[in-house]
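Subject: Structure for you to look at

Hello,

Please find the structure below, as promised. My notes on the aromatic rings follow it.

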Amino acid sequence: MAFTATDVKTLREMTGVGMMDCKKALSATDGDMDKAVEWLREKGMAASVKKAGRVAAEGMAYAAVIDGVGVVVEVNAETDFVGKNEKFVDFVKGVAATVAKEAPASLDALMECTYAGSELTVTQQQQEMVLVIGENIKVRRFARYAEGVSVPYVHAGGKIGVLVNLETDLDAEKVQEAGKDIAMQIAALNPRFWDKAQVTQEILDEEKKVMLAQMENDPKMAGKPAQVREKIVMGKLNKFYAENCLLQQDFVKDGDMTVEKYLASAAKSLGGTIAFKDAVRFEKGEGIEKKQENFADEIASLVKG
């Protein structure tokens, strides 16, 4: 069956694949459009296997509230350029919508869910994106809040995604500003703990041990009595809370109050209550080891293939 340049253009519009690959697909399937689409899908699945070993540490973190459900996801790609690609961004938003709707219990469960607005699973849709974009793409993690009021914040076009979950007796719209202020503080300062109550005695003992050792090595402090050094350490531990615990941190927009006091002040001005319950902060690529790619080996494997 013959095919025309218009057929190649149509196939490209249907799949988002390059013109030359569309031409190859139509040649391999005698111009049958449906078979050409299938041929490209099959090649895409093979490509996803070949690309799976390549490090995907870019992409984007995304947070949103969808039908009242708070969701934050991280989806990785190989390059920052792809992280800004419209098709990739739409895929990330579709993953978030799937999480909101399906409430998967794990990442494996999410990958088997039906991708929002399609008949494909998330895994299959991910493979489709590999085919269209030509990079390794991987859904890495997600979090979901179905209760309370969630407030999302996305920093720097997807470098950081934060989802803050509040308990309040106020209308959700009224607490958006306060929630966003907290989310922005979390994005900027990345506190280790939300509240000092989360700091275990083991952590405090370790911090105390380090501080005492520092004093012993400081000529100005080493000669001071043990009880004096102990008192100084207790003061330093209070500073540890202020630096590492969100609610005890100075509020970035007003250093005269802590985050905890800011929430209380915001609630009072709105005529209700606002309590911080939880939050999730995803920074794209954090914890992923970025290795130098061996492109010579990759090219050699493609030539052999």
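Start with Y262, which counts as buried because its relative accessibility is 12% and the limit for buried is under 20%. Keep in mind while reading that this is a predicted model.

The ring partner of Y262 is F251. F251 also counts as buried, at 4% relative accessibility. The centres of the two rings are 4.0 Å apart and their planes are at 15 degrees, so the pair is stacked. This pair links distant parts of the chain: F251 belongs to strand β6 (residues 250–251), while Y262 belongs to helix α12 (residues 259–270), and eleven residues separate them.

The structure holds four aromatic pairs. Another one of them is formed by F91 and Y115, and this pair is stacked, with 5.6 Å centre to centre and 20 degrees between the planes. Where do F91 and Y115 lie? F91 is in helix α5 (residues 86–102), and Y115 is in the loop between α6 (107–112) and α7 (122–133). The pair therefore ties together parts that are 24 residues apart in sequence.

Are F91 and Y115 buried or exposed? F91 is buried, with a relative accessible area of 2%. Y115 is buried as well, with a relative accessible area of 8%.

One last item concerns a charge and a ring. K196 lies over the face of Y241, and the distance from the ring centre is 5.9 Å.

Regards

Definitions and conventions. Residues numbered from 1 in each chain as written. Predicted model: local features only at pLDDT ≥ 70, side-chain atom pairs only at ≥ 80, totals over all residues. Heavy atoms only, no water. Phe/Tyr/Trp six-rings, centres within 6.5 Å; stacked < 30°, edge-to-face > 60°. Helix = DSSP H or I, 4+ residues; strand = E, 2+ residues; numbered from the N terminus. Buried < 20%, exposed > 50% of the residue type's maximum accessible area, 1.4 Å probe, protein only. Lys NZ or Arg CZ within 6 Å of the ring centre and 35° of its normal.
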